[in-house]
Amino acid sequence: MKISLLLFSAACFSILPGWANAYVSLDANVSLLQKEWDAVSLTAWSVDEEGSLCSIGSSGERIKGSGEELVVTGDSRHHVGSVSKSMTATLIAILIEEGELSSWNETLIEILPDETAGSAYENVTLRELLGMLSGMPYDLPDWFIYQDVSDDLREQRRAAALDVLQSKPEFPPGTAYLYSNLAYLLAGHIVEEITAMLWEDALVTKLFEPLGIALSANSITGAPVNQWDPWGHVGEEREPCNPDTNKLRCDNAPVLGPAGTFSGPVASMAKYFAFHIACHNGMHTTLLSQESCKTIHQPANPSINDYGYGWVCMEREWAGGEDGLACFHNGSNAINLYVVWLAFGIKRAFVAY
């Protein structure tokens, strides 16, 4: 909350294609922090439960050494990294509401009987899988090897999922917390098997389109696409890195999508975060019920850890409301860093990038 107290007090205005001027500027605050942290660039913004812009600020260069000032618009595309996990968890919640999955207590052997039979994870529930309680290791040694399996991304994810299911648990499932990209890769594979479509296509048709978010499946991952998109930077020298010219170095492997490859425009992310806030508070519940939204905004097992369903959720006094519940997640592909907080009591989402 170091960015500015203005994040909490600002009035909010619709994010229009031309970028509205009626919001609180955080440029001065962000500039101070960008210089203090010696960052290439920094952006901070906030929206309300309607997805209306409340405040925004930016400072620094879009590409280090270019002399080009970072300018943020509603079309600016930011890599959200592991914030993608919240999208995968939301898709699972949608499939539960649609009856395609029975409940958060359904086990992997019930969902993927042929693939899971004999696996150490066969009795892991969706609640444990999404809540980082499965015991699955953090990562596989090399995610890019699956590009040699097939040109079909679903087949790549199926091959990776099979390797995940054959991995050795770090602890008995359900007994401890361990952050795991493997768990969300497997959750994405479940989405693909049930919907018979790519995770990216499922995001568009089952989540974004119902929310009025106009994105295509081929526009939500990969390289910067316009003059507003900031590049990532690598290493201590912070060398500019564009995945369009160096995919192996500048982004996560596509197979890892459900755990961390999404990138999207500010205006689209504003609508997505606004949906989570509104649904939690009983508004706009046509896609998910309030009960489902409240479920994914809580720890999967609070006696073990605060991690829930793509969010880390805890009580925070500044978050307001009856319980002061706030959920956050960060995301990085090692060259970008994205952080978001949802505060349901004060009906705001806060983002730094």
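Trainee: How many residues lie between S2 and S3 in the hairpin, and which residue in the turn has a positive phi?
Mentor: Four residues lie between S2 and S3 in the hairpin, and Gly51 in the turn has a positive phi of about 80°. This is a predicted model, in which local features need pLDDT of at least 70 and side-chain atom pairs count only at pLDDT 80 or more, while totals for chains, interfaces and linings use all residues. Residues are numbered from 1 along each chain as its sequence is written, and side-chain values use heavy atoms, with hydrogens and water left out.

Trainee: How do you know which strands S2 is joined to?
Mentor: Two strands pair if DSSP finds at least two bridges between them. Seven bridges join S2 (residues 41-48) to S3 (residues 53-60), and these strands run antiparallel. Five bridges join S2 to S11 (residues 348-352), again antiparallel. Both counts meet the requirement of at least two, so S2 pairs with S3 and with S11. Val47 shows both links: its bridge partner in S3 is Leu53, and Ala349 in S11 stands opposite Val47. The strand names come from DSSP runs, numbered from the N terminus (E, at least two residues, for strands; H or I, at least four, for helices).

Trainee: Why are S1 and S8 called edge strands?
Mentor: The open sheet has seven strands in the order S1-S3-S2-S11-S10-S9-S8, with mixed pairing. S1 (24-25) and S8 (312-315) each pair on one side only. For S8, the partner is S9 (residues 325-332), in the antiparallel sense over four bridges. Glu315 stands opposite Leu325 of S9.

Trainee: Why does Leu211 count as partly exposed?
Mentor: Leu211 has 21% relative accessibility, which falls between the limits for buried and exposed, so Leu211 is partly exposed. Leu211 lies in the loop between H9 and S5 (232-234). Leaving aside residues up to four places away in sequence, Leu211 touches Lys271, Phe275 and Leu287, where contact means heavy atoms within 4.5 Å.

Trainee: Why are H8 and H9 called roughly perpendicular?
Mentor: H8 (residues 181-195) and H9 (residues 199-208) pack at about 70°, with axes 9 Å apart. Axes are lines fitted to C-alpha atoms, for helices over the stretch in contact, and angles run from 0 to 180 degrees between N-to-C directions. Under 35 degrees is roughly parallel, over 145 roughly antiparallel, 65 to 115 roughly perpendicular and the rest oblique. The angle of about 70° falls in the 65 to 115 range, so H8 and H9 are roughly perpendicular.

Trainee: Which residues of H8 and H9 meet?
Mentor: Gly188, Val191, Glu192 and Thr195 of H8 meet Trp199, Ala202 and Lys206 of H9. These divide into three nonpolar, two polar and two charged. Nonpolar covers Ala, Val, Leu, Ile, Met, Phe, Trp, Tyr, Cys and Pro; charged covers Asp, Glu, Lys and Arg; the others, Gly among them, are polar.

Note on methods
Buried means under 20% relative accessible area, exposed over 50%, partly exposed in between (1.4 Å probe, protein chains only).
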